[in-house]
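These are my notes from going through one chain. I looked up contacts, helix packing and the sheet in turn.

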Amino acid sequence: MAFRGWKWLLLLGRQNTLAKVWRGRRGGPSMCWKRCCHWSAGKSLDPEVRAFLEENTEVTNSGHLTPEIRLRLLTPHCRFWREKPDLWPYGDPFWAIYWPGGQALSRYILDNPHVVKGRSVLDLGSGCGATAIAAVMSGASQVLANDIDPIAGMAMILNCELNHLNPFPITIKNIINSEAGNWDLIVLGDMFYDEQLADGLHHWLQKCIRIHQTEVLIGDPGRHQFLSHSIRSQLHKVIEYSLPEYTRQENNGLTSSTVWSYQPSNSLDDS
């Protein structure tokens, strides 16, 4: 099965497995920036993992909404575009795809640096780290990237190097359902692919907004699970981007991606 077929599994089926992991790994109490970091500037990567990632991904900045950002991704030029998925030695490489929701968030931040300048930013479900990188490029005072896949964390460090940035703090804990963290802004893209996970996100984001007045921006290309969820009624459309042709082909015909501002009413139950 070629990676194109593998990616179809990621889109339609295997995300259910990832959703179970997000739901199952309970985060502990909210921690300060330094204590929740698994990697930070100066932290060296496992040489074997680094070599594998460098050998089996392609450095690219084309076909996406943010040519300013270079990323290591799985592309048709990579071995695992053609190899059987079971030969990949780590967990499913969701991080190696630049998903359209993340692209929209990153584009918006690069075009509107005032959104993050001088602010603390949490990039939830960071994947390849592109949105966190965009926040650093745009002057955020603190950036924390969060993903439950440790290989994603390693890939983010490589992507920081590609863009001549010091690695930002990264945590691989599941922080959903933990105590609400005190961030100025939370950004998340392509996270609404499972109803139960979406419910957990909805409740946790409400807490962050209620307790800390956190601003929340969500990127999504219009997937059914997102548009049909009750959170949709709490969103304000910020901007919509037409996706480049390459990204459209990668995502089975999705043509645009939107940034939404999450503005729950005070009447919502946050208990």
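Which residues does Thr 131 touch, not counting residues up to four places away in sequence? I find Gly 102, Leu 105, Ser 106, Ile 109, Asp 123 and Val 187. I note at the outset that the model is predicted.

**Entry 1: Thr 131 and helix α4**

I placed Thr 131 in helix α4, which spans residues 130-137. I then looked up its accessibility: the relative accessible area of Thr 131 is 6%. Buried means under 20%, so Thr 131 is buried.

I checked the rest of the helix. Six of the eight residues of α4 are buried, and the helix is mostly covered. I list the buried ones as Ala 130, Thr 131, Ala 132, Ile 133, Ala 134 and Ala 135. The cover over these residues includes β2 (71-73), α3 (100-111), β3, β4, α5 and β6. Just after α4, I noted a positive phi of about 95 degrees at Gly 139.

**Entry 2: α3 against α4**

I looked up how α3 and α4 pack. Their axes cross at roughly 5 degrees and come within 8 Å. Angles under 35 degrees count as roughly parallel, so α3 is roughly parallel to α4.

For the contacts, I have Gly 102, Leu 105, Ser 106, Ile 109 and Leu 110 on the α3 side. In α4 they meet Ala 130, Thr 131, Ala 134, Ala 135 and Met 137. Gly 102, Leu 105, Ser 106 and Ile 109 are also among the residues that Thr 131 touches.

**Entry 3: α2 against α5**

Next I took helix α2 (residues 47-56) and helix α5 (residues 150-162). Their axes lie 11 Å apart, and the packing angle is about 70 degrees. The range 65 to 115 degrees counts as roughly perpendicular, so α2 is roughly perpendicular to α5. I recorded the crossing of α2 past α5 as right-handed.

From α2, the residues in contact are Val 49, Arg 50, Leu 53 and Glu 54. Their counterparts in α5 are Ile 151, Met 154, Ala 155, Leu 158 and Glu 161.

**Entry 4: the sheet**

In what order do the seven strands of the open sheet run? I read β5-β4-β3-β6-β7-β9-β8, with mixed pairing. β5 (170-171) and β8 (235-242) are at the edges with a single partner strand each, so one side of each has no neighbour in the sheet.

At the β5 end, strand β4 (residues 142-146) runs parallel to β5, and two bridges join them. Asn 146 stands opposite Thr 171 in β5.

I then turned to β7 (residues 215-220), where five of the six residues are buried. Strand β6 (residues 185-189) runs parallel to β7, joined by five bridges. In this pair I found Leu 185 opposite Glu 215. Between β6 and β7 the chain passes through helix α6 (residues 195-212), and the β-α-β crossover is right-handed.

With strand β9 (residues 256-262), β7 pairs in the antiparallel sense over four bridges. There Ile 218 stands opposite Trp 260.

I went back to α6 to see what it covers. α6 lies across β3 (120-124), β6, β7 and β9. Its direction is at about 165 degrees to β6.

Within α6 I picked out Ala 198. Is Ala 198 buried or exposed? Its relative accessibility is 1%. With the cut-off for buried at under 20%, Ala 198 therefore counts as buried.

Leaving aside neighbours within four places in sequence, I found Ala 198 in contact with Phe 192 and His 229. I also looked up the C-alpha to C-alpha distance from Ala 198 to His 229, which is 7.7 Å. These two are 31 residues apart in sequence.

**Entry 5: chain totals**

Last, I noted the totals. The chain has eight helices and nine strands. Of its 271 residues, 56% are buried. Among contacts between residues at least 6 apart in sequence, 73% join residues at least 24 apart.

Conventions:
Residues are numbered from 1 along each chain as its sequence is written. This is a predicted model: local features need pLDDT of at least 70, side-chain atom pairs count only at pLDDT 80 or more; totals for chains, interfaces and linings use all residues. Side-chain values use heavy atoms; hydrogens and water are left out. Buried means under 20% relative accessible area, exposed over 50%, partly exposed in between (1.4 Å probe, protein chains only). Two strands pair if DSSP finds at least two bridges between them. A crossover is right-handed if, with the strands pointing away from the viewer, the path from the first strand over the helix to the second runs clockwise. Axes are lines fitted to C-alpha atoms, for helices over the stretch in contact, and angles run from 0 to 180 degrees between N-to-C directions. Angles under 35 degrees count as roughly parallel, over 145 as roughly antiparallel, 65 to 115 as roughly perpendicular and the rest as oblique. A crossing is left-handed if the near helix is turned anticlockwise from the far one by less than a right angle, and right-handed if clockwise. Contact means heavy atoms within 4.5 Å.
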